[in-house]
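Take a look at the model first, then read on.

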Amino acid sequence: NNIQISRQKTERESTKDKIQTDTLELPFFDDFSDSNIFPDSRRWQDDFVFINNTYSVKQITAGIATFDVLDNSGKLYETASSYVFEADHLTSSPINLEYQPADSIFLSFFYEAGGIADLPEEKDSLVLQFWASDEQKWHSIWKAPYTSSDGFKPVIIRITNAIFLKKGFRFRFINYASLSSVNSDPSMAGNCDQWNIDYILLDKNRNSADTIPADVAFTLPVRSALNTFEQMPWKQFRQVFLSEMGDSIIINYRNNDTIKRNVTRNFEITDIWQDSVVLRFSAGAVNIDSGSDVRDNVPLIYTFNSTGTDSALFRIKSSLKTDIFDKKQNDTIVYYQLFGRDFAFDDGTAEGGYGINGLGSRNAMVAYRYKSFMPDTLRAVKICFNDSYENANQRAFDLMIWSNNSGVPGDVIYTQEEMLVQPGEEVNGFYTYYLTTPLEITGEYFIGWRQRSETFLNAGIDLNT
């Protein structure tokens with residue numbers, strides 16, 4: 001969510017001058033499970049791809065690198081157009097590859113076209129290149145074949161050419177993309193043409209069948225432990241904790257091994273503000289069949305409680321106890337349950353865009369239902385608008401609030417005219433629209449907009465929640 005995005009951006013900025021310059025030794029491995037938002041600067045030289053856990057379908061382990069048409073600030077590349085252009089790069093740090101062909105050096109990875117988001121078109125591509133240090137030149141080695149379906153596919157490539165078997169070897173992935181809606185509706189031309197990569201391994205003494213890791217790992221993220229919201233104000237939660245507190249933690253993990261494996265599932269909840277563990281328990285051990293995905297609904301007998309009156313933050317840590325030879329960085333997954341001043345349904349990443357456009361859509365209205373469980377004051381509305389081609393969606397709209405009328409919007413109780421679509425200042429960033437006059441609310445109400453044009457406003461939509 002956005003508390004993690006903000007924290008990660010700050011950490012990345014503070015370490016940019018420390019990016020890996022020493023040559024790495026084999027094995028080179030990254031499954032992106034131990035980094036968030038930006039690639040790990042110890043392994044990678046750039047930060048254009050989006051490290052996340054929400055854009056894919058059936059990934060191998062938790063964490064993927066998503067290639068799209070947004071730069072590292074969440075904006076469309078300046079070169080973006082309806083013609084194919086070079087978009088994201090993911091470039092490894094220098095690696096010592098002073099080996100002989102007989103050492104059986106292989107690079108393997110898994111890739112997916114589209115995932116939960118937008119499938120690339122036939123003219124789009126994902127390309128792998130190798131760096132020849134003596135020549136100071138990149139060579140294209142592999143290109144993803146066009147596919148109209150998602151799902152991860154393995155690739156393994158043997159490196160035998162002497163021009164690459166040098167100290168200072170690097171490899172990189174590049175996606176070539178195109179904006180398909182530029183001519184029909186530029187406001188709809190936003191982030192698109194996603195490719196996902198997972199489980200990159202470069203090592204010696206391998207063979208061509210060595211594509212499946214003997215690894216049990218978490219896959220999808222843990223979600224909010226609340227019944228309705230991803231986030232809600234602490235004082236509101238205290239009013240309805242009996243009905244709003246969820247009764248389970250849902251975890252997703254996978255056995256990537258070729259044999260049945262046994263894992264123990266452990267959990268820990270920490271009150272961050274109080275710096276204390278408030279719950280620790282085990283869900284016991286289970287056997288997992290080879291190649292199978294597991295979704296566990298683990299009973300949770302606990303209600304969030306803290307001494308704070310204004311806010312609270314809890315860390316929910318889920319971990320798998322696996323065999324000693326397992327890679328351990330993907331055996332733990334963390335979720336931060338924030339109680340601040342916001343109500344939110346989304347998980348902080350927008351995999352798609354939503355809007356109304358076309359003939360007759362001027363004055364169209366969009367409404368989103370919320371509920372205040374006590375008398376309260378609404379002071380601002382945060383909206384994540386996607387960046388569109390040449391800012392085509394940056395049009396005016398009226399911010400609207402309606403009363404509830406048997407489950408649908410009723411009377412208009414607040415209007416703030418001629419607000420401007422404003423994309424956030426970071427990846428998946430929200431823009432805050434402050435109400436000129438704070439509004440007293442209670443019970444169900446609706447928040448949304450009334451359009452002043454026939455333009456697709458392109459509000460971010462969270463496709464996996």
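**Salt bridges and a nonpolar patch**

Asp 134 counts as exposed, because its relative accessibility is 58% (buried means under 20% relative accessible area, exposed over 50%, partly exposed in between, with a 1.4 Å probe and protein chains only). This is a predicted model, where local features need pLDDT of at least 70, side-chain atom pairs count only at pLDDT 80 or more, and totals for chains, interfaces and linings use all residues. Residues are numbered from 1 along each chain as its sequence is written, and side-chain values use heavy atoms, leaving out hydrogens and water.

**Salt bridges**
- The whole structure holds 22 salt bridges (a side-chain nitrogen of Lys or Arg within 4 Å of a carboxyl oxygen of Asp or Glu).
- Asp 134 pairs with Lys 166, with the closest N and O atoms 3.3 Å apart; the two are 32 residues apart, each in a loop between strands.
- Lys 166 is partly exposed, at 29% relative accessible area.

- Arg 265 forms a salt bridge with Asp 296, the closest N and O atoms being 2.6 Å apart.
- Arg 265 lies in strand β14 and Asp 296 in strand β16 (strands are DSSP runs of E, at least two residues, numbered from the N terminus).
- Arg 265 is buried at 9%, and Asp 296 is buried at 15%.

**Surface patch**
- Tyr 354, Ile 461 and Leu 463 make a nonpolar surface patch of about 240 Å² (residues with over 30% relative accessible area and no salt bridge, nonpolar side chains being joined within 5 Å).
- Tyr 354 is partly exposed, at 38% relative accessibility.

Methods
Patches are made of residues with over 30% relative accessible area and no salt bridge: like charges are joined within 9 Å, nonpolar side chains (Val, Leu, Ile, Met, Phe, Trp, Tyr) within 5 Å. Accessible areas come from the Shrake-Rupley method with a 1.4 Å probe; for residues, only the protein chains shown count as cover. Helices (H or I, at least four residues) and strands (E, at least two) are DSSP runs, numbered from the N terminus.
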